[in-house]
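Here is a walk through a two-part model, written for someone who wants to click along. Have the viewer open and follow the names as they come up.

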Amino acid sequence: MDLLRAEQVFQDGLLGRSQDILGTVRGNKRESAETMFGVYRNAYWARLAEVLGNDFPGLKALLGDPAFDRMARAYIAKHPSQHPSIRWAGRKLAEFLAAEAPYRDDPWFADMARFDWALAFAFDAPDATAAGLADLVGVPPEFWGSVRLRFHPTLDVFPVSTPVDEARPRLLENAEGALDRAARCERAIMAWRIDYDVKFRTIDLLEHAALQAMQGGATFGDMCELVAQEIDPDQAPLRAAQILQGWLEWGIVAEVEHDGLGSAA
Amino acid sequence: MTERAVSSLGFGLGLRPQHYPAILDGPAEVARAIDWFEILSENYMVDGGRPIAKLMAVRERYPMVMHGVSLSIGSTDPLNMDYLTRLKALAVRVEPAIISDHLCWTGVAGLNMHDLLPLPLTEEALSHVVERVDKVQSFLGRPIALENASTYVTFAQDAIPEWEFLRAIAQRTGCRLLLDVNNVYVSAFNHDFQATDYIDAIPRESVAYIHLAGHENNKTYIIDTHDHPVVDGVWDLYAYAVRRLGPIATMIERDDKIPPLEELTRELARARKVADEALNRAVQVA
């Protein structure tokens, strides 16, 4: 058997796709090949389930240990790791939970996994200095409409239909009282990092739409129009300005750009 | 730091996040008890945040060695150039005394099993690994060190003892060796060979540094868990290795059930004592 085939057979044995490996390897004087190969097979599943438990503490608390372990093994079987760092093993977990029975029937699971992942992502995403309100105050009024934002590289934002932001801290602290699993909401969560501290907060769907637009390159003027389509047009400029002010105060913006920057120089 | 200087680094520990406060802000005598740190390369192949900041704070005070688990030098998949590029970038940042990984493979067909899997010990595998070590060293512009992994099975087709396999790689590529004395002990037990035969076959000029660690003995086989103190049998084998190889940089790995730093520095003090006694005895015998 050549090296390529030997490695394929070994890996298929780990993944439970074939038992051919048992005719290829040896145990020792005391234990069979099956027992000794079992050391590798057991370690494979246990290691990945443990890492997922560490990376998704909210989901693990929500499911409970035995159910989390079953879910983790189903996920690993469907999405074996492809990245050299085990830290990325869970990158498709939220997607898996949203698509696969029985987890897809309860939106809490995918929402919690998405939230856990955003917090883990923010932890070691690239460093950047946050812009502040002063960066906006310096923009000449005639260029306000052209303001574009470069967002902080740690920022992740996503919609949820369950109040996982409220439930997660309680679950992690083993707080008394059952969760209202029937609770539903319409909002988005944003997670980012300031220095070494990971932050999160919830925003309404209008603000989420505004954020997505500006992440996609829209100007503040475009964002004002978007807001005006959703609320009383007279109130839109104030609401849009409040949204922008909040982003700068929270530290999710890395840079404020506008058309006057080139001419000012 | 030159490659030659690696073996004289002294006595080190694996850098673990639980110990950042004790290393950076703890008692000076604890910090002074450690000569260098080995980092797990993949843990710092991230873009920013606390991991990088703490890494560099520790690096300002200590020499470092980079130790990886995902090079997959024995895999029949192509070398992962994205991984190697990140590894090289981390090395520019850390300026390690040496970069090490394992004689193993971690996956094929684009998958990663995140384990140090054994190779069939054949001429084909040897040639394959030699070719890849040459490529990796050429890309990184420096020699790497390869570690003997603990193994739990052997292949029916094995034709070369592992110690000869490892020695041949070192001789053909000029790579260094990371001699894990615990892994020699574990594999010797699991595969019924003499651990001292393994140590005897290792070319002393190739050894960059030594690993020590604890394991879990299940009576009929041993699992390399890195979650216990070093056992007496491994200390004895370490003394044997030092007598044969001479003074050599040594570090203790602990990856699970990680105790306070003080406890690990006490274990490190034992390593110094065992090495000193072994060297004195070697001098007396000579």
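What share of the contacts in chain A with a separation of 6 or more comes from residues 24 or more positions apart? The answer is 64%, where two residues are in contact if their C-beta atoms, placed from the backbone, lie within 7 Å.

Before going on, some ground rules. This is a predicted model, in which local features need pLDDT of at least 70, side-chain atom pairs count only at pLDDT 80 or more, and totals for chains, interfaces and linings use all residues. Residues are numbered from 1 along each chain as its sequence is written, while chains are lettered from A and ligands numbered from 1 in the order in which they are written.

**Chain A overall**

Chain A has 12 helices and six strands; these are DSSP runs numbered from the N terminus, with helices being H or I of at least four residues and strands E of at least two. Its C-alpha atoms fill a box of roughly 85 × 50 × 30 Å along the principal axes. The radius of gyration of chain A is 24 Å, whereas a compact globule of 265 residues would have one near 18 Å (taken over C-alpha atoms; the globule rule is 2.2 Å times the number of residues to the power 0.38). As for burial, 38% of the 265 residues of chain A count as buried. Buried means 20 or more other C-beta atoms within 10 Å of a residue's own, exposed means 12 or fewer, and partly exposed is in between, with C-beta atoms placed from the backbone.

Take A:Glu255, which sits in strand S6 (residues 253–257) of chain A. A:Glu255 is partly exposed because 14 other C-beta atoms lie within 10 Å. Leaving out residues up to four places away in sequence, A:Glu255 touches A:Ala131 and A:Arg150. A:Arg150 is 105 residues away from A:Glu255 in sequence, yet their C-alpha atoms are 5.0 Å apart.

**The barrel in chain B**

Chain B holds a closed barrel of eight strands, S1-S2-S3-S4-S5-S7-S8-S11, with parallel pairing. The twist averages 30° from one strand to the next; axes are lines fitted to C-alpha atoms, for helices over the stretch in contact, and angles run from 0 to 180 degrees between N-to-C directions. Strands pair if DSSP finds at least two bridges between them.

| Strands of chain B | Bridges | One facing pair |
|---|---|---|
| S3 (residues 64–67) and S4 (residues 99–102) | two | B:His67 and B:Ser100 |
| S5 (residues 144–147) and S7 | three | B:Ala145 and B:Arg176 |
| S7 and S8 (residues 207–212) | four | B:Leu177 and B:Val207 |

Strand S7 (residues 176–180) of chain B has five of its five residues buried. B:Arg176, B:Leu178 and B:Asp180 point one way, and B:Leu177 and B:Leu179 the other. In a regular strand, side chains alternate between the two faces of the sheet.

Helix H11 (residues 261–285) of chain B lies across S1(B), S8(B) and S11(B), at about 150° to S11(B).

**Where the chains meet**

On the chain B side, 40 residues are in contact with 41 residues of chain A. Helices H4, H6 and H8 and strand S6 of chain B each give two or more residues to that side. Across the boundary, strand S1 (residues 25–26) of chain A and S6(B) run antiparallel, joined by two bridges, and A:Arg26 stands opposite B:Thr154.
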